[in-house]
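Trainee: I would like a close look at one part of this model, the place where the two chains meet. Please take me through it step by step.

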2 protein chains.
Amino acid sequence: MDDLREIAQEVYQRTGVETTVHDVEKVLSGLAGSSHFWGIVCAARKPFSVVAEIVAILERKRLVKVDDKGDLHITPEGWDFLNVQGITARKDYTCPACEGRGIDLAKPQELIQKFDEVTADRPKAIIDYDQGFVTTPTVVSRILLMADRGDLQGKKLLLLGDDDLVSIAAGLSGMPREVVVLEIDDRLVEYINNTAAEYGLPVKAVRYDFRDKLPEEYVGYFDTFHTDPPETLEALELTIGRGLTGLSGEGCAGYFGLTRAEASLKKWNLFQQLLVEKFKVVITDIIDNFNHYVNWDYLLNSIRNDYSFVQVKPRLNWYRSAMYRIETLSGFKGVENRSIPCELYVDREALVYLGNQR
Amino acid sequence: MDDLREIAQEVYQRTGVETTVHDVEKVLSGLAGSSHFWGIVCAARKPFSVVAEIVAILERKRLVKVDDKGDLHITPEGWDFLNVQGITARKDYTCPACEGRGIDLAKPQELIQKFDEVTADRPKAIIDYDQGFVTTPTVVSRILLMADRGDLQGKKLLLLGDDDLVSIAAGLSGMPREVVVLEIDDRLVEYINNTAAEYGLPVKAVRYDFRDKLPEEYVGYFDTFHTDPPETLEALELTIGRGLTGLSGEGCAGYFGLTRAEASLKKWNLFQQLLVEKFKVVITDIIDNFNHYVNWDYLLNSIRNDYSFVQVKPRLNWYRSAMYRIETLSGFKGVENRSIPCELYVDREALVYLGNQR
């Protein structure tokens, strides 16, 4: 226990990210179940730099060995240590049918196929706007989640940023009355508009920078919004505020992802205060690991290269986020529509998390 | 739209529960998909008295007919109304494998069987303590959820109230180091202790009233707590506070259910403020409809009998709740342990919800 506390403290000193004994236990438990760094990050639900520092400390203590492929192995001394601490391999009880989202993917097989066909020529994720898109099962599950909660069928949907192409999936589903995408990346605006025209979807994309006021015609216009925001508190407040400005009143819903890999639970808490206290909305759902991101090309170039086990190509879609659903309450009056100049895509906390190399 | 707003306002006047246009839409959408009152309550995720008033208004407007069995049918005028409003039948996209919980129930078949065998002679739910227990898949999913999140294996678990017999399931799973049940109902204390003795489980039950201080030996003793609290704000603050008093520090977890059937989203918001602001914990999960309750004997006697369609025996486990998981943050110092005299089992809001007959 004292050993674990020492490790937690050292990690805090090295990363500046507060780390608990339980966090260290979760990484050890992950190591007992997997030899792949990115698998352990995924299982531990912790910032990747925290996991990296813990593994590095364990390696220095000779409790873990790194082989030439960068895989991680617990040494005999390591297993003794785990036994003494009563730590066993992490077991995964995620439902394999829905990947833990709770959404039935058997019914919409046609939508899944159609989406893959239609978006085969989608633009690549680029670093400029912190992009990285989600898997097709994730996109389709988002559509069905919104439908299940009564937020999509016959509704007007606002997408604030859409490198995931949720707009196309929503259009192909035939459910929403109207879909508007506000997006900063010209490549995506063009791509979405062309695809919508080609397939006759009720989808329109417009170039928009979150920092600008929402176009007047969209203030109080929508039933539902969806966004996948950058994870500084400032950017979260800005994007969720924009979404709420777009909603028509009480009983409307907002959907967005939030990671553990880039946002600490302390930040989660501050953000939740913002939602329930300042914005006065209610959080109705937080679905763990709902969003699975396709590994993006620029990952290994953008992160620390001082640990060999980190510079290993991910063998799973390790980067995930929880799905939040919020709902506006009776008496909801909207959020003021004004221009807010700020930095959106540089995240001090994420910089620490990603090892100061990004 | 104006018609829907009028209905929402009338429901508010009759029940005192704030009701939105979207709420009315959800009930209509539920009616288009089911003729069974309790199925519609379940789908609409709204207080049952709100659903009852909406249906009654629709019946007076001749948009809905009630047959002699108490089943509900949309009239031809009703279908015209739905078409004009653009409302269609609610579609259910819940994963059938896990009932939407995201937890794999295929692996623990043995635990499910064993639990059913061992608890075949369990005490019946009684009205005195607002009891009503959950289904076996729910209990086992709770165990696996805690295990999946690293909160059970090798840990000390506190159960504040346990008519669900989570303690027995946890003991049978072989995972926790120690389980302590604090429970007001002598029948359950005796039953749990006898069962634990018979099967050699590391489980102990002690009689306890939430209003009393936590026994000193349990302050700061546990890694994880679980409770299924009464849903007044006062009772929620009390029970969650007790759970937090029992936890040993940062990085520990609490689990509990919260319904839509008895707590309004406005109350959810106030409760969330309490969690993130006053208790300074973070909400990591809110899993919709995780907890399914077995229909209890005293339901129809305890509710309004002025609407025939309400006095119908439920054909599904309609009463459900969301599962919350909270986690303590770095620097967590516990919650003061003091006696708090208050009314636990009378809920003004729930009284309204259940039609003032209870």
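Mentor: Start with the area. Chain B and chain A bury about 5000 Å² between them. Of that area, 48% is on carbon and sulfur atoms. B:His22, B:Tyr93 and B:Asp148 supply 14% of the area that chain B buries against chain A. That is more than any other three residues. Keep in mind that this is a predicted model.

Now the residues. On chain B, 58 residues are in contact with 58 residues of chain A.

Next, the links across the interface. The rule finds 8 salt bridges between chain B and chain A. One of them joins A:Glu25 to B:Lys155. Their closest N and O atoms are 2.4 Å apart.

Which elements of chain B each supply at least two residues of the side that touches chain A? Three are helices: α2 (21-33), α7 (136-148) and α11 (265-278). The strands β8 (282-292) and β9 (320-327) belong to the list as well. Of the elements of chain B, α11(B) gives the most to this side, with 8 residues. By type, the residues of the side of chain B that touches chain A divide into 19 nonpolar, 15 polar and 24 charged.

How are the two copies placed? A rotation of 180° superposes chain B on chain A, with 0.0 Å of shift along its axis. The RMSD is 0.0 Å. The two copies are therefore related as by a two-fold rotation axis. The same surface serves both copies, and 100% of the contact residues of chain B recur in chain A.

α2(B) supplies at least two residues to the side that touches chain A, and the buried residues of α3(B) pack against α2 of chain B. They also pack against α4 (48-60), β2 (72-74), α12 (299-302) and β9 of chain B. Why is helix α3 (residues 37-44) of chain B described as largely enclosed by the rest of the structure? Because 8 of its 8 residues are buried. Among them are B:Phe37, B:Trp38 and B:Ile40. B:Gly39 and B:Cys42 are buried too. Just after α3(B), B:Arg45 takes a positive phi of about 50°.

Notes
Residues are numbered from 1 along each chain as its sequence is written. Chains are lettered from A and ligands numbered from 1 in the order in which they are written. This is a predicted model: local features need pLDDT of at least 70, side-chain atom pairs count only at pLDDT 80 or more; totals for chains, interfaces and linings use all residues. Side-chain values use heavy atoms; hydrogens and water are left out. Contact means heavy atoms within 4.5 Å. Buried area is the accessible area (1.4 Å probe) that two parts lose on being put together, summed over both. A salt bridge is a side-chain nitrogen of Lys or Arg within 4 Å of a carboxyl oxygen of Asp or Glu. Helices (H or I, at least four residues) and strands (E, at least two) are DSSP runs, numbered from the N terminus. Ala, Val, Leu, Ile, Met, Phe, Trp, Tyr, Cys and Pro count as nonpolar, Asp, Glu, Lys and Arg as charged, and the others, Gly among them, as polar. Buried means under 20% relative accessible area, exposed over 50%, partly exposed in between (1.4 Å probe, protein chains only). Copies are superposed by least squares on the C-alpha atoms of residues with pLDDT of at least 70 in both.
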